[in-house]
Amino acid sequence: MFFLFARLESEFIKNIVGDVLKKLHAMSSSHTKTGLFGIDVRVSKVEFLLDMESPDVLIVGIWGMGGIGKTTIAEAVCSKVRSRFEGIFFENFRQQSDLRRKFLKRLLGQETLNTMGSLSFRDSLVRDRLRRIKVFIVLDDVDDLMRFEEWRDLLDGRNSSFGPGSKVLITSRDKQVLSNVVDETYEVEGLNDEEAIQLFSSKALKNCIPTIDQKRLIEQIVRHVQGNPLALIVLGSSLYGKSMEEWRSAMNKLAQHPNIEDVLRISYDGLDSEQKSIFLDIAHFFTRWDQYEVKRILDCLYGRSVMFDISTLIDKCLITISQFRLEMHDLLREMAFNIVRAESDFPAERSRLCHPPDVGQVLEENKVKATAINCRSCICSKVDVFE
């Protein structure tokens, strides 16, 4: 009788602890407090599609345009439910190389990789180990069907690949990537007018109460930005502390060029010449680099401390820092690439090179005058080569 009572009591305590953990995670994931307006509703919709209480292995796609908040939603969902899973894997598919090895190392451990050497998703050992683990997997920003093929086999055999109750999230701008892979797709909606006004105001005004003129301009700006959170954050941050004349100027630019890259370009245009150059350097060469290493290199390149310039880029939300590494949204990087491409139709005449075909062409011709060349993460600063 005593042992039966002890077992019932231990199960009761276990249930209480589990319930408390769920509530704590729910409280800690109140994202509205951090300024991510409207995200709680979107997180709930994704959770519903994942059916967290079901023992089925489910795969859900998050689809939408760049800057709409796909990654932010995936991060919020992961943060909220992670206590329910034995293994968590969250990586950017576009930016990471050798993702398969990172995945297996994270979920199976380095010892398994050391013992077995090179492993593939088809190896019986891998399948046997993975199907014992309840995992939550996020493949973020999947854009390449060819690279994604090696994951298809693992995902297609989901019920024999992962432990019961495992869940997978895949985010992509390309709906075709998600087709025939996911069980359900959540199309991310832009922020509604109220959410967009709140988000923009939090960046452009901080805690200040808007004037009547500012209210009118904010409403007009929000209509043109069409609920894209990245555009609202970047543009709002760039207008903080600026005059009403500058606000109106930005509004006029938006009216003429309402697409997302032009919205982001307004913030870039507000930088001085060296800040623009530093932004382009980071976009081309230093994304995901240690911030102190980047500062050391750029200090040497520009012959002075660039700390103020990097702080300005952070203040304008053109770059962010995560775990001491410089990060930049893909749309902002693409804008930077387009700015440099527009310098000339000929790669050798551009200030920066980073795409392997361009680098190969220039090196084969042995004629380039570029600020830097980056190929496979190798950087050479102030390169001047002539025939």
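Ring pairs link F89, F103 and W151 into a cluster, where rings of Phe, Tyr and Trp (its six-membered ring) are taken to pair if their centres lie within 6.5 Å, with planes under 30 degrees apart counted as stacked, over 60 as edge-to-face and the rest as tilted. The model is predicted, so that local features need pLDDT of at least 70 and side-chain atom pairs count only at pLDDT 80 or more, whereas totals for chains, interfaces and linings use all residues. Residues are numbered from 1 along each chain as its sequence is written, and side-chain values use heavy atoms, with hydrogens and water left out.

Nine aromatic pairs are found in a search of the whole structure. The ring centres of F89 and F103 are 5.0 Å apart and the planes meet at 85°, so this pair is edge-to-face. It links distant parts of the chain, since F89 belongs to strand β2 and F103, 14 residues apart from it, to helix α4 (residues 99–108); helices (H or I, at least four residues) and strands (E, at least two) are DSSP runs, numbered from the N terminus. Both F89 and F103 are buried, a term that denotes under 20% relative accessible area, with exposed meaning over 50% and partly exposed in between (1.4 Å probe, protein chains only). F200 and W247 also form an edge-to-face pair, at 6.0 Å centre to centre and 85° between the planes, and these two residues are likewise buried.

Five strands form an open sheet in the order β2-β3-β4-β1-β5, with parallel pairing, where two strands pair if DSSP finds at least two bridges between them. The edge strands, each pairing on one side only, are β2 and β5. Six bridges join β2 to the parallel strand β3 (residues 135–140), and I88 stands opposite F136 in β3. Four bridges join β3 to strand β4 (residues 167–172), again in parallel, with I170 in β4 as the bridge partner of L139.
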